[in-house]
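Subject: Structure handover

Hello,

Here is the structure you are taking over, followed by notes on what was found in it. Please keep it open while you read.

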Amino acid sequence: MSKIPKGLDSQTLAASDAPAFAALTFPVMRHLVETPPERDMVYVGAVSGDGPPVGLAFGMGGPDAIYELVSAYVGPFHRNVGIGTALINRLHDDFVERGYP
């Protein structure tokens, strides 16, 4: 499990909480965050204390129990400290808990 710096927190997001992080993905992908599709989606976000979101990774489950990383982004002032790695590791762990290899 990757650690992120003190003062930052990564968390699995409910689909209803994910839209607050929509700006942290490509514009063409935002609809997947703002209005989640009827697929097995996992959203993991990073926040700085009580401040705004600083990172987002999300993926969707597919056929044959395979999942796909759709997007991962960390704001420019929070890069190179392990946030992206922590988000992707947590995303993977969440999919494994759902039965994906």
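**The aromatic cluster**

Y67 counts as partly exposed because its relative accessibility is 22%; here buried means under 20% relative accessible area, exposed over 50%, and partly exposed in between, with a 1.4 Å probe and protein chains only. Before going further: this is a predicted model, in which local features need pLDDT of at least 70 and side-chain atom pairs count only at pLDDT 80 or more, while totals for chains, interfaces and linings use all residues. Residues are numbered from 1 along each chain as its sequence is written, and side-chain values use heavy atoms, with hydrogens and water left out.

The structure holds four aromatic pairs. Rings of Phe, Tyr and Trp (its six-membered ring) pair if their centres lie within 6.5 Å; planes under 30 degrees apart count as stacked, over 60 as edge-to-face and the rest as tilted. One of the pairs is Y67 with F95, which is stacked because the ring centres are 4.3 Å apart and the planes are at 5°. Y67 is in strand 4 and F95 in helix 2 (residues 83–97), so this pair links distant parts of the chain, 28 residues apart. Helices (H or I, at least four residues) and strands (E, at least two) are DSSP runs, numbered from the N terminus. F95 is buried, with a relative accessible area of 0%.

Y67 also pairs with Y100: the centres are 6.3 Å apart and the planes at 90°, so this pair is edge-to-face. Y100 lies in the segment after helix 2, so the pair ties together parts that are 33 residues apart in sequence. Y100 counts as buried, at 11% relative accessibility. Together, Y67, F95 and Y100 form one aromatic cluster.

Strand 3 (residues 53–61) and strand 4 (residues 67–74) run antiparallel and are joined by seven bridges; two strands pair if DSSP finds at least two bridges between them. Y67 stands opposite G61.

Most residues other than glycine have a negative phi. A65 is not a glycine either, and has a positive phi of about 55°. D64 is found in the loop between strand 3 and strand 4, and A65 has its place in that loop too. D64 is exposed, with a relative accessible area of 71%, whereas A65 counts as partly exposed at 33%.

**Helix 2**

The expected span of a helix is 1.5 Å times one less than its number of residues. For the 15 residues of helix 2 this gives 21 Å, and the end C-alpha atoms are 21 Å apart, which agrees.

The buried residues of helix 2 are I83, A86, L87, L91, D94 and F95. Seen down the helix axis, they fall within an arc of 165°, so they line one face of the helix; the arc is that of the directions from the helix axis to the C-beta atoms. They pack against strand 1 (8–13), strand 2, strand 3 and strand 4. Just after helix 2, G99 takes a positive phi of about 100°.

**The nonpolar cores**

A nonpolar core is a set of buried Ala, Val, Leu, Ile, Met, Phe, Trp, Tyr and Cys residues joined through side-chain atoms within 4.5 Å. The largest has 14 residues, of which F21, L32, V33, M41, Y43, L56 and F58 touch the most other members. Helix 1 (30–34), strand 2 and strand 3 are the elements that give two or more residues to this core. A second, separate core of 12 residues includes L8, V42, L87 and L91.

Contact means heavy atoms within 4.5 Å. Not counting residues up to four places away in sequence, L56 touches residues including L13, F21, V33, S71 and L87. T25 is another residue touched by L56. T25 is found in the loop between strand 1 and helix 1 and counts as buried at 7% relative accessibility. Leaving aside neighbours within four places in sequence, T25 is in contact with R30, V33, L56, F58 and S71.

**An exposed loop**

D50 lies in the loop between strand 2 (41–48) and strand 3. D50 is exposed, with a relative accessible area of 86%. D50 and G7 are 43 residues apart in sequence and 9.3 Å apart in space, C-alpha to C-alpha.

Regards
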